[in-house]
Amino acid sequence: MPKIVLFGATGYTGRLIAESLVARGAAPVLAARNAASVEKFATEIGGAETAVADVTDPGSIRALLGRGDVLVTTVGPFLRYGQPALNAAIASGAHYFDSTGEGPFIRTVFDHDEQARKAGVGLLTAFGFDYVPGNLAAALALREAPDAVRADIGYFIADPGTSGGTRASMAGMLFEGGFALRGGRVVPERTAAHTRTFDVAGRSQTGASVPGSEHFALTRSYPRLREADVYLGLPGPAAHGLQLTSLLTGAVARVEPLRRLAEGALTGIVKGSTGGPTPASRARTRTWTVAEVSDDTGRTAASVTLAGVDPYTFTAAILAWGAQSALNGGLLGTGALGPVDAFGLDALEAGAREAGLSR
């Protein structure tokens, strides 16, 4: 019988996903590198099958999977640790979901589109707060304005908290290149190359441009779209500070010895798997995702704002929904998929609503 395998089950995000899966009535196999930790956690959530797997032993991940299974992986930073799980899913004929927010790894997953199609599986990368809400908000706006050719999408968080894994992923991306959708093609572009203001719940908020899955995914359902930018909401000075930082790290990245030295220093300073926001902290956090689409004259044709719960709660809930939907045959295609072409707009909107996101 096909099953859901959760790899990285004892990490901060992995635990939240496991709890969400169990709450939905699913029976996931919980996989992690430490047998005692994963068995203890399985007991805490009422019992579940467990397995031991580690990215340093790719065969251990492959051994978890069979054709038709669904692999959900939270093991990051994905640029460092993500490839073995992706390879294992394709090789075994299992559908794949991950929780990355790392733009370069998103690109890696989409580069495996043809392999996934041949294997008959779906690959859904960044299937969490990074970047399901933006795909959904933009698709809703494009349904209202199907002739729009540009999308600008902003993510905003009030009272944010971050996990150790998130901080490690952010550090790992400092020396990586970004990208954007230009002329209907995804092209290299420096992170924070642009800033933009959005109307967020009646207030003007600033964001700096970042790489996201929207650049790859939206044109699959909306081929008229030619330009897209995704923005991370930051206070004005911080947004402009990120622009300066990206210029400096870009210069360092071009000098390989300096890059290795800087990356090594960051790896030693920023640790993953160090926990994350408490339930009380998550309860205080609110999010907004704004998508504005415009026509070829630059006129805003439609705007959609989605309000939601904190990013970690949403990520856990939407990944649980997506994995269970895929297990039940809900995927509409194979290959590297965006949220909309994977499930259809109406189903995705309903799933996101269940996960705490509303228009």
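How do the residues lining the largest cavity divide into nonpolar, polar and charged? They split into 4 nonpolar, 3 polar and 3 charged, where Ala, Val, Leu, Ile, Met, Phe, Trp, Tyr, Cys and Pro count as nonpolar, Asp, Glu, Lys and Arg as charged, and the others, Gly among them, as polar. The model is a predicted one, so local features need pLDDT of at least 70 and side-chain atom pairs count only at pLDDT 80 or more, while totals for chains, interfaces and linings use all residues. Residues are numbered from 1 along each chain as its sequence is written, and side-chain values use heavy atoms, with hydrogens and water left out.

The structure has 1 cavity of 30 Å³ or more, and the largest cavity holds about 40 Å³ of space. A cavity here is a set of points, on a 1 Å grid over the protein atoms alone, where a 1.4 Å probe fits but cannot get out; lining residues have an atom within 4 Å of a point. Points are joined across faces, edges and corners, and the volume is the space filled by probe spheres set on them. Among the lining residues are Phe179, Glu189, Arg190, His215 and Asp229. Strand 8 (179-182) and strand 11 (203-210) are the elements that give two or more residues to this lining.

Zooming out, the protein chain comes to 16 helices and 16 strands, taken as DSSP runs numbered from the N terminus (helices H or I, at least four residues; strands E, at least two). Of its 359 residues, 53% count as buried, meaning under 20% relative accessible area with a 1.4 Å probe and protein chains only, whereas exposed means over 50% and partly exposed lies in between.

In the largest nonpolar core, which has 101 residues, Phe7, Leu30, Val72, Tyr96, Phe97, Leu123 and Phe127 touch the most other members. Helix 14 (residues 311-327) gives the most to this core, with 10 residues. Such a core is a set of buried Ala, Val, Leu, Ile, Met, Phe, Trp, Tyr and Cys residues joined through side-chain atoms within 4.5 Å. Beyond four places in sequence, the contacts of Phe127 include Phe97, Thr315, Ile318, Leu319 and Trp321, a contact being heavy atoms within 4.5 Å.

Thr73, in strand 4 (residues 70-73), is buried at a relative accessible area of 2%. Its contacts beyond four places in sequence include Phe7, Ala85, Tyr96 and Phe97. The C-alpha atoms of Thr73 and Leu319 are 9.9 Å apart, although 246 residues separate the two along the chain. Ala85 also turns up among the buried residues of helix 5; 7 of the 10 residues of this helix (residues 83-92) are buried, so the rest of the structure largely encloses it.

Over in strand 13 (residues 286-294) sits Glu292, buried at 16% relative accessibility. Its side chain makes a polar contact of 3.0 Å with that of Arg196. That term covers a pair of N or O atoms within 3.5 Å; within protein, one must be able to donate a hydrogen and the other to accept it, and residues adjacent in sequence count only if both atoms are side-chain atoms.

Then there is the backbone. Most residues other than glycine have a negative phi, and most peptide bonds are trans. Cis bonds join Gly76 to Pro77 and Asp130 to Tyr131. Ala192 has a positive phi of about 65 degrees and is buried at 0%, while Ala201, with phi near 50 degrees, is exposed at 59%.

Terms used. On a 1 Å grid over the protein atoms alone, a cavity is a set of points where a 1.4 Å probe fits but cannot get out, and a pocket is an open set with protein on both sides within 12 Å along at least five of seven lines; lining residues have an atom within 4 Å of a point.
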